[in-house]
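This report describes the parts of one protein chain and how they are arranged. Please keep the sequence and the structure in view while reading.

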Amino acid sequence: MNGQSSVDGSADAQGPRRTAGWPPALIAEGVGPRLPSVLAGIPTYEPGRPAPVGERPSWKLSSNENPYPPLPGVLDAAVAAAGQLNRYPDLTCAALTRALAEHWDVPMDHIAFGTGSIGLIQQLVQISAESGDEIIYAWRPFESYPIVAEISGARSIQVPLTEDEAHDLDAMADAVTDRTRLIFLCTPNNPTGRVLHRTDVVRFLDRIPEQVLVVIDEAYVEFVRDPDAVNALDMYRTRPNVVALRTFSKAYGLAGLRIGYAVAHEPVAAALRKTAVALGVSTIAQSAALASLQREDELLERVSRLVAERSRMREALLAQGWSVPDSHANYLWLRLGERSDTFAAACEAAGVMVRPFACEGVRISIGELGGTDALLRVAQDFAPR
């Protein structure tokens with residue numbers, strides 16, 4: 001019987017005897033693998049909570065997702081690609097690389113892919129920062145920035161937003177030291193939605209040493225309507241230390257497939273490809289992204305409808321007395337301070353899930369018309385008097 005016992009104590013070949021308390025009974029304090037102590041202080045990424053399931057209508061406005069289902073052609077491409085699940089995906093994402101290179105008029109070897117922009121953010125930290133180095137970003141930022149910085153052992157330099165919820169680029173430039181290796185600029189900023197302007201970014205970049213990598217994170221660029229907004233691809237073309245970071249998760253509606261890309265000069269792009277999870281971008285994701293590019297006009301019509309709904313929600317909130325930053329993403333920001341969790345709970349009770357940041361504010365994604373209407377009813381009760 002190979003010395004093994006069944007669950008009730010009798011010997012069999014299924015495995016060791018498992019008693020009440022398994023496996024905690026085997027894990028005493030100080031026993032087991034030794035994990036880095038830094039992990040204890042690293043927050044866990046918190047995704048937006050799903051909408052409650054029940055008989056009444058509910059809306060998920062907590063994750064900045066595109067509420068529209070995939071276009072038929074995109075879904076067809078994804079389903080067809082699923083027939084190749086027994087094969088590994090193309091490591092080089094060759095077809096999609098060619099399409100993006102032509103689409104943006106950039107060299108193919110300037111493109112690198114990752115498992116969404118989150119995957120690329122982690123890769124960017126890996127290629128640029130080591131223990132004791134510094135990473136600069138605005139606060140409050142996209143939640144992944146501090147997480148990946150701490151995992152690497154780098155020191156986060158968090159520069160507060162201005163009173164009008166925008167990046168303080170002068171303060172960020174002032175924060176650069178000889179240990180600075182990486183700067184994240186998120187535009188539109190997540191969660192406040194404020195966009196950076198080209199002239200301001202050019203002035204900022206002129207102050208940054210060329211050996212410091214500057215990542216312009218444009219996950220929501222398709223929602224931008226400000227003619228003076230910076231375009232990361234324009235900045236990258238003339239500055240070897242600038243990376244343009246984009247994703248298929250938001251405007252393209254492929255959040256569940258996890259595919260994003262960076263455009264950077266060849267040494268940086270090559271380093272990103274080295275640090276990517278091997279075969280991490282699935283065949284389904286590649287096929288759906290390629291089909292989305294081919295149907296971009298149809299997808300951008302949907303984006304225009306979301307932009308219109310963003311305007312409707314913001315104008316209604318302003319009419320209620322709220323101060324709402326001029327967002328150029330698919331979400332709005334309410335700075336509620338200590339009332340943030342209470343507001344989120346009231347929204348949930350009304351069937352609307354939003355994303356609270358404790359003691360700071362609430363981010364509200366733009367979704368279906370019914371979700372906007374339900375949100376506005378709750379907001380009316382909390383509006384400043």
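Helices and strands are runs assigned by DSSP, a helix having at least four residues and a strand at least two, and they are numbered from the N terminus. The model described here is predicted.

## Domains and their contact

The domain assignment of the chain gives two domains. Domain 1 consists of residues 59–67 together with 297–382, while domain 2 covers residues 74–294. The centres of the two domains, taken over C-alpha atoms, are 25 Å apart.

Contact between the domains involves 23 residues of domain 1 and 23 residues of domain 2. Together the domains bury about 2,100 Å² between them, and 56% of this area is on carbon and sulfur atoms. Leu299, His328 and Tyr331 supply 29% of the area that domain 1 buries against domain 2, more than any other three residues.

An unreviewed UniProt entry lists residues 60–366 as "domain: Aminotransferase class I/classII large". This span is 40% helix and 17% strand, and the C-alpha atoms at its ends lie 9 Å apart.

Three strands form an open sheet, in the order β9-β12-β11, with antiparallel pairing. Strands β9 (331–334) and β11 (355–357) stand at the edges; each has a single partner strand, so one side of each is left without a neighbour in the sheet. From one strand to the next, the twist averages 20°. Strands of a sheet pair through backbone hydrogen bonds, in either a parallel or an antiparallel manner.

Strand β12 (residues 361–365) is joined to β11 by three bridges, and the two strands run antiparallel. Within this pairing, Pro356 has Val362 of β12 as its bridge partner. Helix α10 (residues 296–320) lies across β9 and β12, and runs at about 20° to β9.

Strands β2 and β8 pair in the antiparallel sense over four bridges. The bridge partner of Ala112 in β8 is Ala262.

Ser117 belongs to helix α3 (residues 116–128). Is Ser117 buried or exposed? Its relative accessible area is 10%. A residue counts as buried when this value is under 20%, so Ser117 is buried. Apart from neighbours within four places in sequence, Ser117 is in contact with Leu245, Thr247 and Gly260.

## The annotated lysine

For "modified residue: N6-(pyridoxal phosphate)lysine", UniProt lists Lys250 in an unreviewed entry. Lys250 lies in the loop between β7 (242–247) and β8 (260–263). Its relative accessibility is 16%, so Lys250 counts as buried.

Which residues are in contact with Lys250, leaving aside its neighbours within four places in sequence? They are Ser63, Asn64, Asn66, Ala219, Tyr220 and Phe223.

## Cis peptide bonds

The loop between β5 (180–186) and α6 (198–207) contains Pro188, and Pro191 is found in the loop between β5 and α6 as well. The peptide bond from Thr187 to Pro188 is cis, with omega near -5°. The bond from Asn190 to Pro191 is also cis, with omega near 25°.

## Positive phi angles

Asp105 is not a glycine, although its phi is positive, at about 55°. Its place is in the loop between α2 (94–104) and β2. How accessible is this residue? Asp105 has a relative accessible area of 63% and is exposed.

Leu279, likewise a residue other than glycine, has a positive phi near 60°. Leu279 lies in the loop between α8 (266–275) and α9 (283–294). With a relative accessible area of 32%, Leu279 is partly exposed.

Key: Residues are numbered from 1 along each chain as its sequence is written. This is a predicted model: local features need pLDDT of at least 70, side-chain atom pairs count only at pLDDT 80 or more; totals for chains, interfaces and linings use all residues. Side-chain values use heavy atoms; hydrogens and water are left out. Two strands pair if DSSP finds at least two bridges between them. Axes are lines fitted to C-alpha atoms, for helices over the stretch in contact, and angles run from 0 to 180 degrees between N-to-C directions. Contact means heavy atoms within 4.5 Å. UniProt positions are given in the numbering used here, feature names are shortened, and annotations may be inferred rather than shown by experiment. Buried means under 20% relative accessible area, exposed over 50%, partly exposed in between (1.4 Å probe, protein chains only). Domain bounds come from an automatic or database domain assignment. Buried area is the accessible area (1.4 Å probe) that two parts lose on being put together, summed over both.
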